[in-house]
Amino acid sequence: MSRQSEPVTVVVGDDHPMYRAGVVSAMKESGRIQVVAEVGDGRAALDQVARLVPDVVVMDLRMPGMDGVEATRRLSSADTPA
């Protein structure tokens, strides 16, 4: 199977369940995106990204605990926690 036919894997982070569900639903409708995790805060996003190594992370910027800005900064830095 070539990489082109494989779905794009995505972790979705948003603290609002209804918004998160809408984003996930829209992605799934494409048929080419596989949402591998849904999380409600930045710390959980970091944990799932380290565990699942998705192709893409879609993250809300304002979330409780560790917000999406900090989580994204950590994901894009060389010292990303495992």
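This is a predicted model: local features need pLDDT of at least 70, side-chain atom pairs count only at pLDDT 80 or more; totals for chains, interfaces and linings use all residues.
Visitor: Let's jump in: which residues does Ala37 touch, not counting residues up to four places away in sequence?
Guide: Ala37 touches Val10, Val11, Val12, Gln48 and Leu52. Contact here means heavy atoms within 4.5 Å. Residues are numbered from 1 along each chain as its sequence is written, and side-chain values use heavy atoms, with hydrogens and water left out.

Visitor: Okay, and how many helices and strands are there in the chain?
Guide: The chain has three helices and three strands, and along the sequence they come in the pattern β-α-β-α-β-α. Helices (H or I, at least four residues) and strands (E, at least two) are DSSP runs, numbered from the N terminus.

Visitor: What percentage of the 82 residues is buried?
Guide: Buried residues make up 28% of them. Buried means under 20% relative accessible area, exposed means over 50%, and partly exposed is in between, with a 1.4 Å probe and protein chains only.

Visitor: Back to Ala37. Which residues are in the largest nonpolar core?
Guide: That core has ten residues: Val11, Ala37, Val39, Ala45, Leu46, Val49, Met59, Met63, Met66 and Ala71. A nonpolar core is a set of buried Ala, Val, Leu, Ile, Met, Phe, Trp, Tyr and Cys residues joined through side-chain atoms within 4.5 Å.

Visitor: Which elements give two or more residues to this core?
Guide: Those are strand 2 (33-39) and helix 2 (42-52). Helix 2 gives the most, with three residues. There's also a second, separate core of five residues, which includes Val10, Val12, Met27 and Val35.

Visitor: Switching to helix 1. What span should its 13 residues have?
Guide: Helix 1 (residues 17-29) should span 18 Å at 1.5 Å a residue, and its end C-alpha atoms are 18 Å apart, which agrees. The expected span is 1.5 Å times one less than the number of residues.

Visitor: Which residues are buried in helix 1?
Guide: Arg20, Val24 and Met27 are. They cover an arc of only 60° around the axis, so they sit on the same side of helix 1. That arc is taken from the directions from the helix axis to the C-beta atoms.

Visitor: What do the buried residues of helix 1 pack against?
Guide: They pack against strand 1 (8-13), strand 2 and strand 3 (56-59). The face turned away from the buried side carries the exposed residues Met18, Tyr19, Ala26 and Glu29.

Visitor: Now helix 2. What happens at its start?
Guide: A side-chain oxygen of Asp41 reaches to within 3.0 Å of the backbone nitrogen of Arg43 there.

Visitor: And is Gly42 buried or exposed?
Guide: Gly42, in helix 2, is buried, with a relative accessible area of 0%. Not counting residues up to four places away in sequence, Gly42 touches Met63, Met66, Asp67 and Ala71.

Visitor: What covers the buried residues of helix 2?
Guide: The cover includes strand 1, strand 2, strand 3 and helix 3 (68-76). The buried residues of helix 2 are Gly42, Ala45, Leu46, Gln48 and Val49.

Visitor: Last one: what follows helix 2?
Guide: Val53 does, and its phi is positive, near 50°. Val53 sits in the loop between helix 2 and strand 3, and at 60% relative accessibility it counts as exposed.

Key
A polar contact is a pair of N or O atoms within 3.5 Å; within protein, one must be able to donate a hydrogen and the other to accept it, and residues adjacent in sequence count only if both atoms are side-chain atoms.
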